[in-house]
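Subject: Structure handover

Hello,

Here is the structure we talked about. Please open it first, then read the notes that follow.

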Amino acid sequence: MSQDELYIQRCLELAEKGRYTVAPNPMVGAVIVHQGKIIAEGYHHHPGGPHAEVVAISRVKNPELLKESCIYVSLEPCSHFGKTPPCSDLIIEKGIPEVVIASRDYNAEVNGKGIAKLQAAGIKVREGILEAEALELNRRFFTFHRENRPYISLKWAQSADSIMDPDREAQEKGIHWISQPETQVFTHRLRAENQAILVGRKTVEIDNPSLDCRAFEGSDPLRIVLDPSYQLGSEYRVFRDQNYLRFSRKAENERDRLLESNSDSLSSLIKTLYDEGIQSLLIEGGAHTLQSFIDAGLWDEAWIIKASHNLKSGLPAPKISGQIYDEFKLGKDLIQNLRPL
Ligand SMILES: NC(=O)C1=CN([C@@H]2O[C@H](COP(=O)(O)OP(=O)(O)OC[C@H]3O[C@@H](n4cnc5c(N)ncnc54)[C@H](OP(=O)(O)O)[C@@H]3O)[C@@H](O)[C@H]2O)C=CC1
Ligand SMILES: Nc1c(N[C@@H]2O[C@H](COP(=O)(O)O)[C@@H](O)[C@H]2O)[nH]c(=O)[nH]c1=O
Ligand SMILES: [Zn+2]
């Protein structure tokens, strides 16, 4: 790794600290380097709070050193008045002569304007250091701003013989756990990383899921239920408070959203979520719901939890083709992360 990459690597580590608190803002970290030594660090903790650059600059004990320093930041410094004033103005005001950036901020309000502002002030700017890593870190935020849609993750658990739920009698209700209990910390962490979580009508009827993050400290996602014929009564846990949206062909109350009946219904659902400011969506099931998103090409990554036991018969897991991006064991479960080919 080059020296630049090492400092940007540190920015990415710092950015990571905001993972569960900073959305809908991106994760950002910054370090200030003076004569080869890191003299201050910062990261963006929560929306409305100071940006990474502001935190790092405020932590420099001797502000005179800023005039001979380089600030490394994992995202292009902002140029607009959002909830806080522009970081590029602060960098200019403090007389920092050099800025090194991992990736651009594709938020339309910035998107190169921060870099242009710094350069216009005579500051030397370099960009694209560990860019792929920075794009991966903020993939949800970037997809939302570049493609005007939420980033879509799929997740399900299946037996070794690719069954998602064993055969049941019609009246047999409740969750059948396929993954190991220890895996719940991982799945609830995944829920905490996403702003919304979606399930189909039958999963609500059969499992009555909570869809919360009780095994991990983080904010519960907005619950989204696909209930085209408005069949579900209010007794289900997904409707326990106002933190839900029901997509259906009729809209009766403030939490209902219209689901079109044409072949584009899922694309228009995704558009509605974008309009509501949802940057990331986790689809948990069941098989029918997951398959309809896969068939529509509406997915960015899929988390498949593969248990070590067979179920022999039951509901077949979705059919998906993708490339394995990541793979690891959690106890007896094998966790795979797939990305589209
Ligand atoms: N192992 C695991 O990880 C998981 C297992 N499960 C299990 O899966 C089972 C349920 O799965 P499954 O039977 O496939 O049902 P789903 O939970 O996927 O629900 C299917 C229903 O949702 C609605 N729906 C889904 N996709 C669309 C779409 N594209 N457009 C319109 N409506 C749509 C339809 O409702 P309607 O019929 O009203 O039109 C459809 O019949 C349960 O037994 C549950 O336990 C569930 C989640 C995860
Ligand atoms: N069966 C199964 C899962 N099922 C998913 O979890 C939901 C239950 O969520 P909650 O009520 O919050 O615990 C259920 O409806 C379905 O979406 N998940 C897994 O990680 N492994 C499993 O074996
Ligand atoms: Zn800023």
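Let me start with the shell around ligand 2: seven of its residues are nonpolar, five are polar and six are charged. Please keep in mind that this is a predicted model.

Ligand 2

The shell here holds 18 residues. I178, S179, D207, S210 and R214 are the closest of them. Three elements, β6, α7 and α8, each give at least two residues to this shell. Helix α7 spans 183-193.

The side chain of S179 places an N or O atom 2.6 Å from a nitrogen atom of ligand 2. H176 uses its backbone instead: an N or O atom there lies 3.0 Å from a nitrogen atom of the ligand. R191 reaches an oxygen atom of ligand 2, with a side-chain N or O atom at 2.9 Å. The protein buries 93% of the 520 Å² that ligand 2 exposes when taken alone.

Ligand 1

Ligand 1 has 24 residues around it. The closest are D165, R201, T203, D207 and T289. Note D207: this residue is among the closest to ligand 1 and also among the closest to ligand 2.

Which elements each supply at least two residues of the shell around ligand 1? They are β6 (151-158), β7 (163-166), α8 (201-207), β12 (280-285) and α10 (287-295). Helix α8 gives the largest share, five residues. By residue type, the shell of ligand 1 has ten nonpolar, eight polar and six charged members.

T289 comes to 2.6 Å with a polar side-chain atom. G286 comes to 3.0 Å with a polar backbone atom. Q231 comes to 3.2 Å with a polar side-chain atom. On its own, ligand 1 has 920 Å² of accessible area, and the protein covers 85% of that.

The peptide bond between G285 and G286 is cis, with omega at about -5°.

Domains

The protein splits into domain 1 (3-138) and domain 2 (148-339). Their C-alpha centres are 35 Å apart. Four residues of domain 1 and seven residues of domain 2 make the contact. Together the two domains bury about 570 Å². Carbon and sulfur atoms account for 45% of that area. On the domain 1 side, Y20, P24 and E136 lose the most area to domain 2. Those three together make up 83% of what that side buries.

P24 has a further feature. A cis peptide bond joins A23 to P24, and omega is about 10°. P24 lies in the loop that runs between α1 (3-16) and β1 (29-34).

Backbone

Q35 is in the loop between β1 and β2, with β2 covering 37-43.

To start, I would show D207 with both ligands, as D207 is listed among the closest residues for ligand 1 and for ligand 2. Then turn to the two cis bonds, A23 to P24 and G285 to G286.

Best wishes

Note on methods
Residues numbered from 1 in each chain as written. Chains lettered and ligands numbered in written order. Predicted model: local features only at pLDDT ≥ 70, side-chain atom pairs only at ≥ 80, totals over all residues. Heavy atoms only, no water. Near = heavy atom within 4 Å. Polar contact = N/O pair within 3.5 Å; in protein donor to acceptor, adjacent residues only side chain to side chain. Areas by Shrake-Rupley, 256 points an atom, 1.4 Å probe, with all protein chains shown as cover. Helix = DSSP H or I, 4+ residues; strand = E, 2+ residues; numbered from the N terminus. Nonpolar A, V, L, I, M, F, W, Y, C, P; charged D, E, K, R; others polar. Domains from an automatic or database assignment. Contact = heavy atoms within 4.5 Å. Buried area = accessible area lost by both parts, 1.4 Å probe.
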